[in-house]
Amino acid sequence: MAMRAVGDLQAGNWCMMLFYIRDTDAARAKLDAVKAFSPNPLRPPKLGLDPFLMDVALHKSLAYLWLGNLNTKCLVPLIEEACAAAGGAPSDFKAVPSLPLYFAGEFRDFLFGVELMGEMQAVAGFDAGECFAVKMSAFSMLGEGNRSEVHDLKKGRVRSYATSRAGLRAMDALPSSAPTFKKAV
């Protein structure tokens, strides 16, 4: 029994949040107005790095997480649901995983990301549907279920889903199976 339980644990089971900002001039201007600790994430970097290559690196990292961590199997449908809740398509938004760093400088644990969002909203003043976060909770030790959530920075939590190990395992390496997640609570 103990060996089976240990074998059921997945590598990299930790809480993760991914922030998305609508890629518009208005959102760029709001981020420009923030007294920040790093360059505006919606502006091209001044280091001469190709924005396309930066997006490729981000999406390769997300693919690695999707393949290696059970709790991120729900990432694809969560992003689709979050974009729909914000009134747009995934192509209307830019993934900005470093958004808390932009506002707070040093920020390491996305377990506390929800608490920081109110301060981020107070500083930037995002409109509803302009900036949101997708949060994937970790599974508790030997636990079967967890929660995944979508938070709009202005409106707060707009979606919450119960996920299970069994449901996420059914998706496994089949992204086309991911929409079954939408049937969750």
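**Entry 1: strands**

I began with Phe-132, whose bridge partner in strand 4 is Asp-152. The model is predicted: local features need pLDDT of at least 70, side-chain atom pairs count only at pLDDT 80 or more, and totals for chains, interfaces and linings use all residues. Residues are numbered from 1 along each chain as its sequence is written, and side-chain values use heavy atoms, with hydrogens and water left out.

I checked the terms next. Strands (E, at least two residues) and helices (H or I, at least four) are DSSP runs, numbered from the N terminus. Two strands pair if DSSP finds at least two bridges between them.

Strand 3 (residues 131-136) and strand 4 run antiparallel, joined by five bridges. I then followed strand 4 to strand 5 (residues 156-164): eight bridges, again antiparallel. Here Arg-147 stands opposite Ala-162 of strand 5. Three residues lie between strand 4 and strand 5, and the two form a hairpin.

Is strand 4 enclosed or open? Six of its eight residues (145-152) are buried, so strand 4 is largely enclosed by the rest of the structure. Buried means under 20% relative accessible area, with a 1.4 Å probe and protein chains only.

**Entry 2: the largest pocket**

I turned to the largest pocket, which holds about 600 Å³ of space. A pocket here is an open set of points on a 1 Å grid over the protein atoms alone, where a 1.4 Å probe fits, with protein on both sides within 12 Å along at least five of seven lines; lining residues have an atom within 4 Å of a point. The volume is the space filled by probe spheres set on the points.

I listed 22 lining residues; the closest to the centre are Pro-39, Asn-40, Pro-41, Arg-43 and Met-54. Helix 3 (51-68), strand 2 (93-95) and helix 5 (99-104) each give two or more residues to the lining. Helix 3 gives the most, with four.

**Entry 3: Asn-40**

I picked Asn-40 from the pocket lining. Asn-40 sits in the loop between helix 2 (25-32) and helix 3. At 9% relative accessibility, Asn-40 counts as buried.

What does the side chain of Asn-40 reach at 3.1 Å? I found the backbone oxygen of Arg-28. Leaving aside neighbours within four places in sequence, Asn-40 is in contact (heavy atoms within 4.5 Å) with Arg-28, Leu-31, Asp-32 and Tyr-102.

Note on methods. Buried < 20%, exposed > 50% of the residue type's maximum accessible area, 1.4 Å probe, protein only. Polar contact = N/O pair within 3.5 Å; in protein donor to acceptor, adjacent residues only side chain to side chain.
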